[in-house]
Structure formats: structure tokens, C-alpha cells
Amino acid sequence: MSTVITHIGELHTQDPARGADAVLHDAAVIIEGERIAWLGSSTQAPDADEQFDAGGRAVLPGWVDSHSHMVFAGDRTAEFEARMAGQSYQAGGIAVTTGATREASDYELTRLLLARVAEAAAGGTTYLETKTGYGLDVEQEARSARIASTVVDEVTYLGAHLVPDGIDADAYTDLVCGDMLAAVRPYVQWADVFCERGAFNEEQSRRVLTACRDAGLGLRVHGNQLGEGPGVRLAVEFGAASVDHVNYLSDDDVASLAGTWTGWDRASGTGERGTVATCLPACDLSTRQPLAPGRQLLDAGAEIALASNCNPGTSFTSSMNFCVTTAVLQMGLSVQEAVRAATYGGALALGRHVGRDADGQRAVGSIAVGHRADLHLLNAPSATHLAYRPGMPLTAAVWRAGVSLA
Ligand code: NIG
């Protein structure tokens with residue numbers, strides 16, 4: 001089965017191999033099964049089984065949301081209200097969600113996760129990572145990982161999210177590195193640690209990263225969210241795929257993140273990749289933290305991603321449109337840079353910017369022949385409208401792996 005999408009006013013391929021021609025005008029794309037089979041000028045588009053007329057509107061790769069915490073039950077509206085009244089964010093709120101999550105049945109937790117993923121997809125998200133981290137014991141973390149693995153594209157083990165009450169922090173870290181890791185291992189591709197004052201210190205974080213790396217997991221770090229600290233340094237030292245939050249960066253942090261990309265050619269997307277700095281603007285607004293310095297990171301030569309951080313405490317939204325809007329209006333990114341960070345950048349952070357022959361996984365986050373057919377049609381003639389018309393319902397249609405979702 002093939003579909004040709006014609007009369008695309010602006011086609012943002014985000015394909016580095018296209019260089020200066022990464023945005024096509026009056027373009028067409030052919031989807032065949034789950035893959036992109038052709039792209040080029042609308043006037044030269046070959047026939048397909050079905051035709052869809054984009055009517056001059058813009059098409060982007062589907063959003064790649066590389067940071068979320070969607071496996072949870074319960075509500076933290078009261079904590080949000082207190083924050084808006086002036087209280088600062090306390091990571092301890094994680095314990096409230098852990099309590100509610102432990103009480104939810106498998107059925108309820110799965111239902112809630114499916115609803116959140118559907119909401120994200122309706123907003124243009126076609127590739128999604130989510131984390132454990134609201135179970136915080138062996139059985140509950142394994143349950144969260146198992147449920148997540150049946151629903152989302154990539155699962156990250158975040159047993160090291162908070163030390164539960166009544167347990168010694170070092171003893172809990174041993175558990176995270178031992179029995180808990182063994183229990184989640186069949187369901188996850190990545191591991192993460194909340195390296196922050198009030199969560200896991202440098203030595204504990206180092207132990208978690210070492211054990212998870214030795215277990216064959218890719219690494220990511222929650223770092224420098226609430227103050228300067230060792231998160232970025234550890235992520236760089238361990239060669240983590242991403243360090244996320246990055247609100248409080250020293251000049252050395254920025255330079256060392258940029259330094260991980262010296263063997264990488266940003267223009268062509270080739271060479272040795274480094275550690276992506278993942279900015280989470282919806283979380284920064286909801287916690288009243290300074291916005292992550294995306295502009296400074298890009299200017300220094302680092303690669304950045306934009307992600308939703310959808311979770312009940314600090315960012316109860318999966319809207320990547322909102323993240324892109326905010327990145328342009330408040331972080332100083334151009335529309336092109338923000339769209340790239342929310343598509344190709346997210347794919348880089350998950351190592352999915354290229355396909356994997358081993359398991360037949362297709363590349364995501366960019367539009368090129370052979371890549372997964374993940375497309376986001378805007379109800380607008382250009383991507384600029386995402387920032388020009390903030391908050392407007394600009395997602396007109398979404399295809400995920402070639403399947404039309406709306
Ligand atoms: O990424 N920072 C740690 N974890 C989440 C917040 C979790 C919560 O407060 O429930 C975050 O912001």
C-alpha cells in the first residue's frame with residue numbers, strides 16, 4: 001500500500017545529507033508500508049495507491065520526544081498550585097506519585113499510559129521514550145518497565161530517581177545496581193540517574209552508571225536541573241547519549257559538552273557522536289527555573305534536543321509544539337533550530353538518527369528515503385507558524401510508521 005502526499009508547501013526533511021536543500025518547496029512524499037519511498041518535487045511525483053493533497057501546508061518529521069516519565073498514577077495539582085504561589089520545586093514530590101503508582105493495578109497503569117501516548121501522538125509525536133522511576137522497589141520498577149515496553153518505543157530504567165523513605169541511600173543504590181537492575185533488564189534499553197542534591201550524589205550516580213553500563217544499557221543522566229553539580233561532568237565521562245535538564249551550566253560544562261562533538265560533522269550528520277544536551281522548556285516554566293541555555297550550547301558547538309519531560313510533578317504536558325514555541329520565543333532558537341532539536345536532535349539523543357541493520361529499525365527524526373514514515377502535517381503554510389501563532393491547534397495530521405493517526 002502506498003500513499004503520495006502532494007502539494008507540501010514546506011517539507012522540512014531535517015536530513016543533514018541534503019545540506020542547504022533540507023527544506024523543499026511545493027514538494028511531495030511517497031509512503032510505502034512503514035517507510036518513506038520517495039520525496040521530491042510535487043510536479044514530478046510518481047503515482048501511488050492513494051493520494052493526499054497537503055494543500056500548500058507544511059510537513060515536518062514527527063516529533064521525537066526523548067525524555068518523558070509517563071508510567072504513573074495520581075495527581076499533583078496541589079503541589080503545582082503551591083509552586084505557583086511561590087514555593088520552590090521539591091524532588092520529594094516524586095514520593096507522592098510513587099505511592100499512587102504502587103496502588104494502581106496493571107490495567108489502570110496501562111490505560112493511563114496508553115491515553116498519554118495517544119495524546120502525544122495527536123500532537124505530532126511519533127517516537128517516544130519513557131522512564132520508570134515511580135516504582136522504586138524491585139517489583140514495582142520491573143512492573144513499570146514491563147508495562148512501558150508494551151506501549152512506547154524506548155524504555156529507560158530510572159530506579160535511581162529518589163531514595164524512598166526509610167531506606168539508607170547507599171543500601172538503596174546497591175539495590176538499584178543489583179536485584180532491581182536484573183529485574184528490569186529484559187524490558188529496557190537505557191538507564192538514567194537523577195544526579196542532584198536531594199537525590200543521588202556523585203559517588204552514588206557513578207555506581208549506578210557503572211552497573212548499568214556493565215549490564216549493556218545505554219546511559220543518560222538527569223543533570224544540573226536545580227543547581228550546578230556533577231551531572232554534566234559524569235555524563236561526559238561515561239559517554240552518555242544525553243544529559244537532560246541542563247539548566248545550571250558552568251562555562252566548563254558548556255565547553256565539555258561541545259567538546260564531545262568535535263569528531264562530528266553537524267552539517268552532514270556523520271562522524272563520532274557525543275553527548276546531547278536535552279532541554280526541557282515546559283518543565284523549566286512549570287518549576288520557574290531559568291530556561292536551559294540552548295542558544296549558548298548551540299553557539300558553542302553542542303548538539304541539543306528538545307523534549308517534553310511529561311510527568312505529574314514538573315511538566316504535565318506532552319506538547320512538543322509548545323516546547324518548540326517556547327524554544328523560539330524564550331530560548332533564542334530559530335524556528336529551524338527548534339524543529340531540528342525536537343526531531344533529529346531527539347533521534348540523536350536516542351541513537352535513532354540512523355537505522356539499525358541488526359533489528360531492522362529504521363531511522364527516525366528526519367525525512368529521507370528508507371527512513372520510518374513519521375510525518376507531521378501542520379495546519380499552516382510554514383513551520384514558522386509554530387512560534388508566530390503560539391498555542392494554536394496547528395497539528396493537522398500525523399502518520400506514524402506509515403499509518404495515518406488522524
Ligand atoms: O525530570 N527531575 C527529576 N524527575 C522529574 C520530576 C519528577 C517528579 O517531580 O515527579 C523531572 O523533572
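**Close-up views of a predicted model**

Asparagine 311 lies in the loop that runs between strand S15 (304-306) and helix H12 (320-331), where helices (H or I, at least four residues) and strands (E, at least two) are DSSP runs numbered from the N terminus. This is a predicted model, in which local features need pLDDT of at least 70 and side-chain atom pairs count only at pLDDT 80 or more, while totals for chains, interfaces and linings use all residues. Residues are numbered from 1 along each chain as its sequence is written.

**View 1. Surroundings of asparagine 311.** Asparagine 311 is buried, with 27 other C-beta atoms within 10 Å; a residue is called buried if 20 or more other C-beta atoms lie within 10 Å of its own, exposed if 12 or fewer, and partly exposed in between, with C-beta atoms placed from the backbone. Leaving aside neighbours within four places in sequence, asparagine 311 is in contact with Ser68, His69, Phe72 and Phe316, contact meaning that the C-beta atoms of two residues, placed from the backbone, lie within 7 Å.

**View 2. Asparagine 311 with Tyr134 and Gly313, as grouped by UniProt.** An unreviewed UniProt entry places the feature "binding site" at Tyr134, Asn311 and Gly313; positions follow the numbering used here, feature names are shortened, and annotations may be inferred rather than shown by experiment. These residues span 180 residues in sequence, yet no two of their C-alpha atoms are more than 11.3 Å apart, so they gather at one spot. Tyrosine 134 is found in the loop between strand S7 (125-131) and helix H4 (138-149), and with 31 C-beta neighbours inside 10 Å it counts as buried. Apart from its neighbours within four places in sequence, tyrosine 134 is in contact with residues including Val71, Phe72, Ile94 and Ser144.

**View 3. The shell around the ligand.** The ligand is surrounded by 13 residues, of which the closest are Gly93, Ile94, Asn311, Gly313 and Thr314, a residue being near a molecule or strand if its C-beta atom, placed from the backbone, lies within 6 Å of it. By class, this shell has four nonpolar, nine polar and no charged residues, where Ala, Val, Leu, Ile, Met, Phe, Trp, Tyr, Cys and Pro count as nonpolar, Asp, Glu, Lys and Arg as charged, and the others, Gly among them, as polar.

View 4. For "binding site", the unreviewed UniProt entry lists His67, His69, His222 and Asn309. They span 243 residues in sequence, yet no two of their C-alpha atoms are more than 12.2 Å apart, so they gather at one spot. Histidine 67 sits in the loop between strand S6 (63-65) and helix H1 (77-84), and histidine 69 is likewise found in the loop between S6 and H1. Histidine 67 is buried, with 30 other C-beta atoms within 10 Å, and histidine 69 is buried, with 27. Not counting residues up to four places away in sequence, histidine 67 touches Glu129, Asp244, Thr278, Leu280, Ala307 and Asn309, whereas histidine 69 touches Thr130, Lys131, Gly133, Cys310 and Asn311.

**View 5. Residues with positive phi.** Histidine 7, although not a glycine, has a positive phi of about 50°; histidine 7 lies in strand S1 (residues 2-12) and counts as partly exposed, with 17 C-beta neighbours inside 10 Å. Arginine 288, also not a glycine, has a positive phi of about 55°. Arginine 288 is placed in the loop between helix H10 (281-286) and helix H11 (294-300), and is exposed, with 12 other C-beta atoms within 10 Å.
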